[in-house]
Amino acid sequence: MKITDIQFGMLRVPLKTPFKTALRTVKSIEDIVIMVNTDTGHVGYGEAPATAVITGDTHGSIIDAIRHYIAPRLMGQDVADLNHLTQLIQGAMEKNSSAKAAVEIAIYDLWGQLYGAPLYKLLGGGDPAITTDITISVDYIDKMVADSIAAVDRGFESLKIKVGKDIGVDIERVRAIYAAVENRALLRLDANQGWTAKEAVFALNTLEDAGVRLELVEQPVKARDLAGMRYVTERVHTPIMADESVFGPMEVIELIRMRAADIINIKLMKTGGISNAIRIADIAGMFGVECMIGCMLETSISVAAAVHVAVAHANVITKVDLDGPSLCQYNPVDGGVIFNESEISVTDAPGLGIREIRGLEPCL
């Protein structure tokens with residue numbers, strides 16, 4: 001099975017409600033989809049969102065990176081030579097992690113198809129069923145409380161609460177939500193770099209003193225402020241998770257060396273795909289550090305790849321934040337991983353199991 005061509009499409013899927021964080025507000029998913037074609041007629045699918053405020057990738061940069069730097073290296077290559085292909089992708093250029101991730105996902109999809117097995121089985125096996133949380137966007141307190149109650153009523157047992165806009169209001173947001181769903185759901189806070197280290201310690205100490213028990217707090221400080229992250233980690237009881245601070249294996253090693261966080265959030269769009277995500281999980285596992293697997297605003301194409309990774313590395317990836325498809329008004333994918341509210345299950349279809357993607361628009 002040899003690679004013959006890579007095609008592009010734009011996929012637009014409206015969200016059920018606007019996605020609001022300390023960094024941005026988004027009303028619909030608009031992602032680049034790639035299709036890697038082979039001489040056997042098999043097609044591998046990948047996807048990349050333009051998350052400029054986090055990864056630096058835009059729609060144009062994703063297409064140009066793949067078309068002019070990554071794709072030429074892959075033409076004529078054999079899908080069976082997976083490690084060589086991932087090296088070609090990662091070595092094609094610096095940064096551009098989302099573009100690399102889209103191509104890697106498609107290559108791993110083809111690799112599974114080549115051997116007639118679902119990807120998770122080739123990655124090590126596992127229980128093909130996991131449970132995700134759901135995001136509660138930052139908003140007025142009453143709206144966030146109502147959204148939280150609605151999510152719990154739909155069966156979600158973990159809520160990721162977006163904060164980071166205003167420290168005083170953030171504390172009130174969390175206290176109100178905790179009171180509304182106490183004993184029905186775990187709360188995870190995500191500040192998206194919105195607090196200073198001292199603000200984070202103040203907020204978390206205040207919440208802890210008020211009896212609010214949080215499962216974790218994600219990225220309370222700026223991505224590059226590892227000293228600030230460590231400052232927070234050392235002064236609160238609530239586990240602290242690094243997200244934007246960690247893109248690849250080298251940053252994981254430094255974060256563990258500094259003891260700057262308790263948990264690491266793996267996202268394929270930060271790591272540049274599956275190969276580095278697995279390396280991060282292996283490094284974390286060596287040091288007894290738990291990982292979460294998360295996603296950007298992605299549909300069930302690339303999120304499916306993250307699900308396969310999570311299933312195969314459940315001993316290290318103990319928490320799941322793969323709610324992208326649950327936030328969409330509809331699923332544009334025929335086949336693949338099955339997303340049913342908080343429950344996610346994997347079929348035995350080869351690779352990612354995707355048969356068709358509806359609504360793709362051409363990209364020039």
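Trainee: How many bridges join β1 to β17?
Mentor: This is a predicted model, in which local features need pLDDT of at least 70, side-chain atom pairs count only at pLDDT 80 or more, and totals for chains, interfaces and linings use all residues. Residues are numbered from 1 along each chain as its sequence is written, and side-chain values use heavy atoms, with hydrogens and water left out. Helices (H or I, at least four residues) and strands (E, at least two) are DSSP runs numbered from the N terminus, and two strands pair if DSSP finds at least two bridges between them. β1 and β17 run antiparallel, and the number of bridges that join them is two.

Trainee: Which strands stand at the edges of the open sheet?
Mentor: Four strands form this sheet, with antiparallel pairing, in the order β3-β2-β1-β17. A strand at the edge has a single partner strand, so one of its sides is left without a neighbour in the sheet. The edge strands are β3 (43–49) and β17.

Trainee: Which residue in β7 does Ser158 stand opposite?
Mentor: β6 and β7 run parallel and are joined by five bridges. β7 (residues 186–190) is mostly covered, since four of its five residues are buried; buried means under 20% relative accessible area, exposed over 50%, and partly exposed in between, with a 1.4 Å probe and protein chains only. The residue in β7 opposite Ser158 is Leu186.

Trainee: How many residues has the largest nonpolar core?
Mentor: A nonpolar core is a set of buried Ala, Val, Leu, Ile, Met, Phe, Trp, Tyr and Cys residues joined through side-chain atoms within 4.5 Å. Those with the most contacts inside the largest core are Ile34, Ile66, Leu159, Trp195, Ile264, Val307 and Leu322. Leaving aside neighbours within four places in sequence, Leu159 is in contact (heavy atoms within 4.5 Å) with several residues, among them Ile134, Val152 and Leu187. The number of residues in the largest nonpolar core is 134.

Trainee: Is Ile354 buried or exposed?
Mentor: Ile354 is found in strand β16 (residues 354–357). Not counting residues up to four places away in sequence, Ile354 touches Tyr45, Ile301, Val333, Asp334, Gly335 and Gly336. With a relative accessible area of 11%, Ile354 is buried.

Trainee: Is His68 buried or exposed?
Mentor: His68 has its place in helix α1 (residues 59–74). From His68 to Ala92 there are 24 residues in sequence and 9.7 Å in space, C-alpha to C-alpha. At a relative accessible area of 51%, His68 is exposed.

Trainee: What is the relative accessible area of Gln219?
Mentor: Gln219 lies in the loop between β8 (216–218) and α8 (226–235). Although Gln219 is not a glycine, its phi is positive, at about 40°. Gln219 is buried, and its relative accessible area is 0%.

Trainee: Which helix gives the most to the lining of the largest pocket?
Mentor: On a 1 Å grid over the protein atoms alone, a pocket is an open set of points with protein on both sides within 12 Å along at least five of seven lines, whereas a cavity is a set where a 1.4 Å probe fits but cannot get out; lining residues have an atom within 4 Å of a point. The largest pocket has a volume of about 690 Å³, a volume being the space filled by probe spheres set on grid points that are joined across faces, edges and corners. Of its 27 lining residues, the closest to the centre are Lys95, Phe247, Gly248, Glu251 and Lys270. The element that gives the most, with three residues, is α9.

Trainee: Which strand gives the most to the lining of the second largest pocket?
Mentor: The second largest pocket has a volume of about 330 Å³. Its lining has 18 residues, and Thr17, Thr135, Asp147, Arg154 and Leu327 lie nearest the centre. With six residues, the strand that gives the most is β1.

Trainee: What is the volume of the largest cavity?
Mentor: The structure holds one cavity of 30 Å³ or more. Among the 20 residues that line the largest cavity, Phe19, Arg24, Lys162, Lys267 and Cys295 are the closest to its centre. The volume of the largest cavity is about 170 Å³.
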